[in-house]
Amino acid sequence: MTIKLVTFDALHTLLTPRRPIYVQYSEVFAPFLGVLSPDSLKLSFKTSLKQVQKNKPVYQGNAGAQGWWSEVIKRTAIGAGAHPQAVADSLHEIVPKLMERFSSREGYKLFDDALPILWQLRDMNIRTALISNADARMRLVLDDLEVSPFLQPILLSEEMGIEKPHPEIFRVVLQHATPQGGTRADECVHVGDELYCDYHGARAAGMHALLIRRHGADGEGEHKEEGEQLRDVNAVPGLLAILDWVKQQNAMS
């Protein structure tokens with residue numbers, strides 16, 4: 001078995017919010033809703049996101065991703081203490097501002113090891129692709145951060161109508177990542193920060209998997225479950241550790 005393809009998750013794997021999301025929400029909310037408690041915003045955003053993801057998976061709804069995020073933003077503001085009527089009156093201005101911010105490098109930045117790993121894998125003649133449970137704006141982010149040319153294909157759950165951990169989204173990337181007509185599952189490793197969606201999803205599809213668990217502040221945004229058990233999980237402290245893993249696997253083939 002030789003590793004020929006490395007697929008990446010996007011958020012908290014290759015890239016991260018330039019500043020915490022609740023801080024950026026607070027900045028946009030303030031002129032319309034006043035200053036809201038950062039701690040309340042942080043908790044409210046996390047709760048609201050989970051609720052909407054559960055009720056409307058894969059950005060379902062008549063208004064698409066913007067309507068989906070409008071619901072998250074509304075719940076976040078009200079949950080953090082904003083007056084419901086003030087939110088209703090200003091939502092039509094708040095939502096476009098936040099949608100635009102999180103469509104570019106204004107909202108996101110690459111991790112320091114993202115470009116180096118993509119270049120080094122290219123130099124090793126190993127293809128790289130992206131599988132993300134994000135909406136279509138992630139293409140704009142990746143373009144603005146100048147990494148899209150490294151990632152072929154880019155599969156986004158809004159466009160696919162399915163999301164990780166569904167095995168089909170992993171099968172599609174295997175079919176389309178190699179011009180010659182596909183890559184075997186055991187020739188691919190998927191890297192992401194979500195134990196269930198990324199790690200176990202890829203493993204269930206027959207792929208190898210590495211769970212990213214960065215030390216310190218860089219790992220604060222990772223999708224960590226309370227009391228998660230990583231005893232039998234291949235976890236790496238950063239993206240450059242993938243190189244050693246790939247070299248070790250390919251040396252045994």
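Modeller: Gladly, and please keep in mind that this is a predicted model. Ask away!

Biologist: Which strands are the edge strands of the open sheet?

Modeller: The sheet is open and has six strands, paired in parallel in the order β5-β4-β1-β6-β7-β8. An edge strand here pairs on one side only.

Biologist: In β6, which residue is the bridge partner of Phe8?

Modeller: Start with strand β1, residues 5–8, which runs parallel to strand β6, residues 188–192. Four bridges join the two strands. In β6, the partner of Phe8 is Val191.

Biologist: At about what angle does helix α10 run to β7?

Modeller: Helix α10 covers residues 241–251 and lies across β1, β6, β7 and β8. Another helix, α6 (residues 137–144), lies across β4 and β5, at about 150° to β5. For α10 and β7, the angle is about 160°.

Biologist: How far apart are the axes of helix α2 and helix α3?

Modeller: Two packed helices are described by an angle and a distance between their axes. Helix α2 (residues 38–55) packs with helix α3 (residues 64–79) at about 145°, and their crossing is right-handed. Their axes are apart by 8 Å.

Biologist: How many charged residues does the contact of α2 with α3 have?

Modeller: On the α2 side, the contact includes Leu41, Phe45 and Leu49, while α3 contributes residues including Trp68, Trp69, Glu71 and Arg75. By class, there are seven nonpolar and seven polar residues. The charged residues number two.

Methods:
Residues numbered from 1 in each chain as written. Predicted model: local features only at pLDDT ≥ 70, side-chain atom pairs only at ≥ 80, totals over all residues. Heavy atoms only, no water. Pairing = 2+ DSSP bridges. Contact = heavy atoms within 4.5 Å. Axes fitted to C-alpha atoms, helices over the stretch in contact; angles between N-to-C directions. Left-handed = near helix turned anticlockwise from the far one by under 90°. Nonpolar A, V, L, I, M, F, W, Y, C, P; charged D, E, K, R; others polar.
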